[in-house]
Amino acid sequence: MFVRAIYTTGDPTKIDTAIRAMNTEGRDLLEDRPGYRGASVFVDRTLGKLLAASWWESERARQNSDEVLRERRAAMLDPFAGTLAVDNYEALVFHQARPPQAGGGLRLTRLEFDPRDTDLLADTFRATVVPRLETLQGLARASLLVDRERGRGMVGVIFVDQTSLAASRSGQAAARHEGAAKAHVSVIGLEEFEVVFTDVRGD
């Protein structure tokens with residue numbers, strides 16, 4: 001699958017307006033597009049951050065949808081969004097242990113790597129990281145998204161509730177350390193979000 005990720009920051013007191021728009025109009029617009037496989041919205045209400053991801057069965061479907069949705073996206077996120085960044089990724093790993101749910105937690109790890117090591121990264125994530133994540137209580141989903149050309153990626157690990165997210169920090173840190181060393185990647189960012197909704201069809 002292929003993913004478009006939208007990362008916005010803004011006034012925390014206005015974030016609920018953006019959440020409502022993404023959860024209603026945003027989902028309606030996406031569901032009408034060919035090749036749509038699902039979407040997710042995550043927020044950090046304290047700092048004022050919103051991460052939205054839409055999932056597509058092909059790169060062409062993602063590109064075509066963006067041509068239609070680009071102008072509507074800015075309107076939906078106004079007046080919350082002070083900054084907005086859009087990135088495109090290929091989903092190399094999508095592992096779902098159980099359905100995520102609203103109120104759960106996402107831990108997002110941002111990566112940089114030599115593009116020549118992309119396959120090594122995917123293999124390491126499947127063989128080393130996922131088995132370690134599966135031992136963590138409350139794991140719902142783990143995914144690896146990459147931009148092969150730029151050598152950038154994101155690991156998203158969702159837990160069923162905030163208690164499990166907090167309890168997993170030590171265990172995931174160990175998995176992250178081992179995986180980064182084996183795959184020759186640099187970790188350049190680590191964030192946590194609340195799950196607003198996620199309905200990705202990974203099959």
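Helix axes here are lines fitted to C-alpha atoms over the stretch in contact, and angles between N-to-C directions run from 0 to 180 degrees. Keep that in mind for the first stop. The model on your screen is predicted.

**Stop 1: H3 and H5**

Select residues 118-133, helix H3, and residues 169-183, helix H5. Two packed helices are described by the angle between their axes and the distance between the axes. For H3 and H5, the angle is about 160° and the axes are 9 Å apart. Angles over 145 degrees count as roughly antiparallel, so H3 and H5 are roughly antiparallel to each other. Their crossing is right-handed.

Now show side chains. Which residues of H3 meet H5? Pick Leu120, Leu121, Thr124, Thr128, Val129, Arg132 and Leu133. On the H5 side, pick Gln172, Ala174, Ala175, Glu178, Gly179, Lys182 and Ala183. Colour this contact by class: seven residues are nonpolar, four are polar and three are charged.

**Stop 2: the end of H5**

Step on to His184. This residue sits in the loop between H5 and strand S8 (185-198). Most residues other than glycine have a negative phi.

**Stop 3: H1 and H2**

Select helix H1, residues 15-31, then helix H2, residues 59-77. H1 and H2 pack at an angle of about 160°, and their axes lie 9 Å apart. H1 and H2 are therefore roughly antiparallel. H1 passes H2 in a right-handed crossing.

Which residues make the contact? From H1, show Ala18, Ala21, Met22, Glu25, Gly26, Leu29 and Leu30. From H2, show Leu69, Arg72, Met76 and Leu77. By class, eight of the contact residues are nonpolar, one is polar and two are charged.

**Stop 4: a cis peptide bond**

Go to the loop between H2 and strand S4, where you will find Pro79. Zoom in on the bond from Asp78 to Pro79. Is this peptide bond cis or trans? It is cis, with omega near 10°. Most peptide bonds are trans.

**Stop 5: the largest pocket**

Select Phe2, Glu59, Arg62, Asn88, Tyr89, Glu90, Val146, Asp147, Arg148 and Glu149. These residues line the largest pocket. The space inside comes to about 160 Å³. Helix H2, strand S4 (81-96) and strand S6 (139-147) each give two or more residues to the lining.

Which element gives the most to this lining? S4 does, with three residues.

Note on methods
Residues numbered from 1 in each chain as written. Predicted model: local features only at pLDDT ≥ 70, side-chain atom pairs only at ≥ 80, totals over all residues. Heavy atoms only, no water. Helix = DSSP H or I, 4+ residues; strand = E, 2+ residues; numbered from the N terminus. Parallel < 35°, antiparallel > 145°, perpendicular 65-115°, else oblique. Left-handed = near helix turned anticlockwise from the far one by under 90°. Contact = heavy atoms within 4.5 Å. Nonpolar A, V, L, I, M, F, W, Y, C, P; charged D, E, K, R; others polar. 1 Å grid on protein atoms, 1.4 Å probe; cavity = no way out; pocket = protein on both sides within 12 Å on 5 of 7 lines; lining within 4 Å. Points joined across faces, edges and corners; volume = space filled by probe spheres on them.
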